Amino acid sequence: VILLLDNDNSGRECTNKLINGDSRVKGLEEMGIEYTRGNPYWIGKDPNEALMKDREWFMVEIQRMKDRAEELHDMNEKRKLTEHMQPQINYETASER
C-alpha cells in the first residue's frame, strides 16, 4: 500500500490513523500490512496539485515510492523465509552432533 494523502493537518492525521489505527479499528501496522507513505513535502497541498505543478517530478516520486514498496516487500519476504527456515536449520545442526 502506498499512502498519498493530502499534505495538510487532516491528511497527516488520516495517514497516522491508517497506520496506527485507533480505539475502534486496527491500523496497517497492527494488521501486518506493508505500506509506504508519499513524500510529506509535496510541491502542493495534495498529490493532484503536485502533479499539475511538476508532472516530471511527480512521476519520479511515484516511481521512487513504488520501488521502495517493492524493496520493503522483498525484505519482508526474505525475513519470513529466514524465520521459517531457522528452526529447521537449528534442528539439522543439532542432529549432526
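This is a predicted model: local features need pLDDT of at least 70, side-chain atom pairs count only at pLDDT 80 or more; totals for chains, interfaces and linings use all residues.
The secondary structure consists of 4 helices and 2 strands, arranged from the N terminus in the order β-α-α-β-α-α. Of the 97 residues in the protein, 23% are buried, and among the contacts between residues at least 6 apart in sequence, 49% join residues at least 24 apart.

Helix 1 comprises 12 residues and spans 16 Å from its first C-alpha to its last, close to the 16 Å expected at 1.5 Å a residue. Within helix 1, Gly11, Thr15 and Ile19 are buried; because these residues cover an arc of only 70 degrees around the axis, they lie on the same side of the helix. In general, an α-helix has 3.6 residues a turn, so residues three or four places apart point the same way. The cover over the buried residues of helix 1 includes strand 1 (2-3), helix 2 (28-31) and strand 2 (36-37), whereas Asn9, Ser10, Glu13 and Asn20 are exposed on the other side of helix 1. Just after helix 1, Gly21 adopts a positive phi of about 75 degrees.

Thr15, which is located in helix 1 (residues 9-20), counts as buried because its relative accessibility is 10%, below the 20% cut-off for burial. Its side chain reaches the backbone oxygen of Gly11 at 2.9 Å, and, when residues up to four places away in sequence are not counted, Thr15 touches Leu3, Leu5 and Arg37.

Definitions and conventions. Residues are numbered from 1 along each chain as its sequence is written. Side-chain values use heavy atoms; hydrogens and water are left out. Buried means under 20% relative accessible area, exposed over 50%, partly exposed in between (1.4 Å probe, protein chains only). Contact means heavy atoms within 4.5 Å. A polar contact is a pair of N or O atoms within 3.5 Å; within protein, one must be able to donate a hydrogen and the other to accept it, and residues adjacent in sequence count only if both atoms are side-chain atoms. The expected span of a helix is 1.5 Å times one less than its number of residues. The arc is that of the directions from the helix axis to the C-beta atoms.
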